[in-house]
Amino acid sequence: MSAIAVFIAASLALSSHIKADELARYTIIGDGIPASLTGSPGDAARGRSLVLARTTTCILCHSGPFPETRFQGDLAPDLAGAGNRWTVSQLRLRLVDASRFNAQTIMPSYYRNDGLVRVGRNFAGKPILSAAEIEDIVAFLATLGD
């Protein structure tokens, strides 16, 4: 009987781990994803920290209104005014899958795990950012006016 209990506990633990790694479902309408990936708005302060993280996100290629940050990118558009240029829905889709706007883009699809090429070993089969991180970045970028 205890072997069965161990098997059931192990199965539940494994299935909950798999669900944690799955991507949240989303619907693309027009040129955006209108609904939050998490069901709630992101935190703009956390989003700012993520935008400025050199390891995986925006500041590597983009510049912006971040005077305290040296060596900002110059490969992509300046993020100043991003909140005026794009809606929250458009920002979300640009982060989730930038290739929907330009198949030749060098911007990573931060919330995909299929059909990708040249993926680093650490990111194979999983998204670069979590749904919560996407929402945090969207919340921050939406605050950037001209």
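# Reading a Predicted Helical Protein

Visitor: What makes the charged end of arginine 94 count as sitting over a ring?

Guide: In this predicted model, the charged end of arginine 94 lies 4.1 Å from the centre of the ring of phenylalanine 101. A charge over a ring must be within 6 Å of the ring centre and within 35 degrees of the ring normal. The value of 4.1 Å meets the distance limit, and arginine 94 is accordingly described as sitting over the ring.

Visitor: How many aromatic pairs does a search of the whole structure find?

Guide: The search finds one aromatic pair. Its members are phenylalanine 66 and phenylalanine 140, whose ring centres are 6.1 Å apart. Rings pair if their centres lie within 6.5 Å, so these two qualify.

Visitor: Why is the pair of phenylalanine 66 and phenylalanine 140 called tilted?

Guide: The planes of the two rings stand at 35°.

Visitor: Why is helix 5 described as largely enclosed?

Guide: Eight of the eleven residues of helix 5 are buried, so the rest of the structure largely encloses this helix. Among the buried residues are Ile134, Ile137, Phe140 and Leu141. Helix 2, helix 3 and helix 4 are included in what covers them.

Visitor: How do you know that helix 4 is mostly covered?

Guide: Seven of the nine residues of helix 4 are buried, including Ser89, Leu91 and Leu95. The buried residues of helix 4 pack against helix 3 and helix 5.

Visitor: Which elements give two or more residues to the largest nonpolar core?

Guide: This core has 23 residues, and Phe66, Leu95, Ile134 and Leu141 are among those with the most contacts inside it. The elements giving two or more residues are helix 2, helix 4 (88-96) and helix 5. Helix 5 gives the most, with six residues. One of the core residues, Leu141, touches Val51, Leu79, Ala82, Gly83, Leu91 and Leu95, when residues up to four places away in sequence are not counted. In soluble globular proteins, nonpolar side chains tend to be buried together.

Visitor: Which residues lie nearest the centre of the largest pocket?

Guide: They are Thr105, Ile106, Met107, Pro108 and Ser109, within a lining of 41 residues. The volume of this pocket is about 1,100 Å³. Helix 3 and helix 4 are the elements that give two or more residues to the lining; the largest share, three residues, comes from helix 4.

Visitor: What makes the phi of phenylalanine 71 worth noting?

Guide: Phenylalanine 71 has a positive phi of about 60° although it is not a glycine. Most residues other than glycine have a negative phi.

Visitor: Is phenylalanine 71 buried or exposed?

Guide: Its relative accessibility is 63%, and exposed means over 50%, so phenylalanine 71 counts as exposed. Phenylalanine 71 lies in the loop between helix 2 and helix 3.

Visitor: Why is cysteine 61 called partly exposed?

Guide: Cysteine 61 has a relative accessible area of 26%. Buried means under 20% and exposed over 50%, so this value belongs to the class in between. Cysteine 61 is placed in the loop between helix 2 and helix 3, and its C-alpha atom is separated by 5.7 Å from that of aspartate 74, 13 residues apart along the chain.

Visitor: Why does proline 34 count as partly exposed?

Guide: The relative accessibility of proline 34 is 46%, which lies between the limits of 20% and 50%, so proline 34 is partly exposed. Proline 34 lies in the loop between helix 1 (2-21) and helix 2. Leaving aside neighbours within four places in sequence, proline 34 is in contact with Thr27, Ile29, Ser89 and Arg92. The C-alpha atoms of proline 34 and serine 89 are separated by 4.5 Å, although the two are 55 residues apart along the chain.

Definitions and conventions. Residues are numbered from 1 along each chain as its sequence is written. This is a predicted model: local features need pLDDT of at least 70, side-chain atom pairs count only at pLDDT 80 or more; totals for chains, interfaces and linings use all residues. Side-chain values use heavy atoms; hydrogens and water are left out. Rings of Phe, Tyr and Trp (its six-membered ring) pair if their centres lie within 6.5 Å; planes under 30 degrees apart count as stacked, over 60 as edge-to-face and the rest as tilted. Helices (H or I, at least four residues) and strands (E, at least two) are DSSP runs, numbered from the N terminus. Buried means under 20% relative accessible area, exposed over 50%, partly exposed in between (1.4 Å probe, protein chains only). Contact means heavy atoms within 4.5 Å. A nonpolar core is a set of buried Ala, Val, Leu, Ile, Met, Phe, Trp, Tyr and Cys residues joined through side-chain atoms within 4.5 Å. On a 1 Å grid over the protein atoms alone, a cavity is a set of points where a 1.4 Å probe fits but cannot get out, and a pocket is an open set with protein on both sides within 12 Å along at least five of seven lines; lining residues have an atom within 4 Å of a point. Grid points are joined across faces, edges and corners, and a volume is the space filled by probe spheres set on the points.
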